[in-house]
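Colleague: I have some questions about how the terms are applied here. Please take them in turn.

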Amino acid sequence: MTPPTQPPGGPSTNGSRLDVTVRVVGTGLLGASLGLALTANGLDVALADASPSQLHLAIDYGAGRAAADDDDPDLIVVAVPPDVVADVVAMELARYPRAVVTDVASVKTAPYLDLKARGLDLSLYIGSHPMAGRERGGAISARADLFAGRPWVICRDKWTPRHALAVIEDLALDVGATPIEMTPDQHDEAVGLVSHVPQLVSSLLAARLVDAPDAALRLTGQGLRDTVRIASSAPELWVQILGANSAPVAEVLTSLRSDLDAIITALHNPDAVGARRRIADSIAAGNVGVARLPGKHGQDRRFAQIVVMVDDTPGQLGRLLTELGEINVNMEDLRLEHSPGTAVGLAEISVLPEVKQRTIDDLEVRGWRIASV
């Protein structure tokens, strides 16, 4: 288990931290997006995929070139479905023994234990997971900026050589992500709470809409759309993810079930002693929880909201954004709401609290209508 003593590559001449040949195995959303980002940085990216059509599509979009038999990559990124991660990582380690190998699967413990049980030398394998994605998959949905501003979890162990860890850290930094070190168990518990359970809750709520009357669906507002946004995800992928991370997800769902049972009991008899308090406490606990979410650039800072009424005509939203710049206001976040059949949309703008009133005043002077928040 003696790893190379020197890191691959050398000082970068293209502005990126990495100066290596990268092999990406799997050209779906993550693999193709990674290829786009690294290629844009001037790196040589070799793509491989079990599906020739998926591979050629990623190449057509500019994610890299087709892998060649004589390639000698320094870094290998395995971006395949969770149920085959361990097999593919094992093959890549055997074929390219000097390369640093990582995978970007959303579950880390199961593949690590599988590989360890095979007795493989894992000194150059480091599991990782960029916390990035979209509701739609495949190379057609890939984006070079998919990882920008997103956490990238790196799961090292005590045998990981420093140079191999540095390669994965540089990979994350080069695509605009923020490296975060965790153990595989810590990672799986965390994503169970912040990613896997939200997927299930979103899907279960969206399933209530299947038999909902059309009249009810016509009342849909942004609250429901926000809550079910991720319910469009691929079922076959999530069966694999949830199966591989079942224990942490089940633990969170069990606690959630207890809370739901308490709310259901209160709603069955809202006049009972303590029922209204139970409902209020649950909503208040949600306020506390959402306030802990990091905001822009990871800052735990709350922003003020301004809702601007925007006419549903070409160029109006662009004009609003331009005029925010003209009055020297930095928009921290933007959400749009538009109900079918209406001639006005709502643009909810997040700004620093100290500039909220000035922004409202300046926008109203310019003729914008401000809705109450």
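Colleague: What covers the buried residues of helix H6?
Modeller: This is a predicted model. In it, the cover over the buried residues of H6 includes helix H4 (109-117), strand S6 (125-130) and strand S7 (151-155). Contact here means heavy atoms within 4.5 Å.

Colleague: Which residues of H6 are buried?
Modeller: They are Pro-184, His-187, Asp-188, Val-191, Gly-192, His-196, Val-197, Gln-199, Ser-202 and Ala-206. Buried means under 20% relative accessible area.

Colleague: What span does H6 reach, and what is expected?
Modeller: H6 covers residues 184-207, which is 24 residues. From first C-alpha to last, H6 reaches 32 Å. At 1.5 Å a residue, 34 Å is expected, so the span is close to that value.

Colleague: Where does H6 bend?
Modeller: At Gly-192, by about 50°. That angle lies between axes fitted to the seven residues ending there and the seven starting there. Gly-192 is also one of the buried residues of H6.

Colleague: Why is Arg-23 called buried?
Modeller: The cut-off is under 20% relative accessible area. Arg-23 has 7%, so Arg-23 counts as buried. Arg-23 is found in strand S1. Four of the five residues of S1 (21-25) are buried.

Colleague: What is Arg-23 in contact with, leaving aside neighbours within four places in sequence?
Modeller: The list includes Ala-46, Ala-48, Leu-75, Ile-76 and Val-77. Glu-92, Arg-95 and Tyr-96 are also among the contacts.

Colleague: What makes S1 and S2 a pair?
Modeller: Two strands pair if there are at least two bridges between them. S1 and S2 (44-48) are joined by five, so they pair. They run parallel. Val-24 has Leu-47 as its bridge partner in S2.

Colleague: What do S1, helix H1 and S2 make together?
Modeller: A right-handed β-α-β unit, with H1 at residues 29-40. Right-handed means that the path from the first strand over the helix to the second runs clockwise, with the strands pointing away from the viewer.

Colleague: What is the order of strands in the open sheet?
Modeller: The eight strands run S3-S2-S1-S4-S5-S6-S7-S8, with mixed pairing. S3 (65-66) and S8 (178-181) are called edge strands, as each pairs on one side only. S6 and S7 pair in the antiparallel sense over four bridges. Pro-130 stands opposite Trp-152 in S7.

Colleague: Where in the protein chain is confidence lowest, and where highest?
Modeller: It is lowest in strand S10 (333-337), at a mean pLDDT of 83, and highest in S4, at 98. The chain averages 90, and 92% of the residues score at least 70. Over residues 1-13, pLDDT stays under 50. For that stretch the model has 21 contacts beyond four places in sequence.

How values were computed: Residues numbered from 1 in each chain as written. Predicted model: local features only at pLDDT ≥ 70, side-chain atom pairs only at ≥ 80, totals over all residues. Heavy atoms only, no water. Buried < 20%, exposed > 50% of the residue type's maximum accessible area, 1.4 Å probe, protein only. Helix = DSSP H or I, 4+ residues; strand = E, 2+ residues; numbered from the N terminus. pLDDT = per-residue confidence, 0-100.
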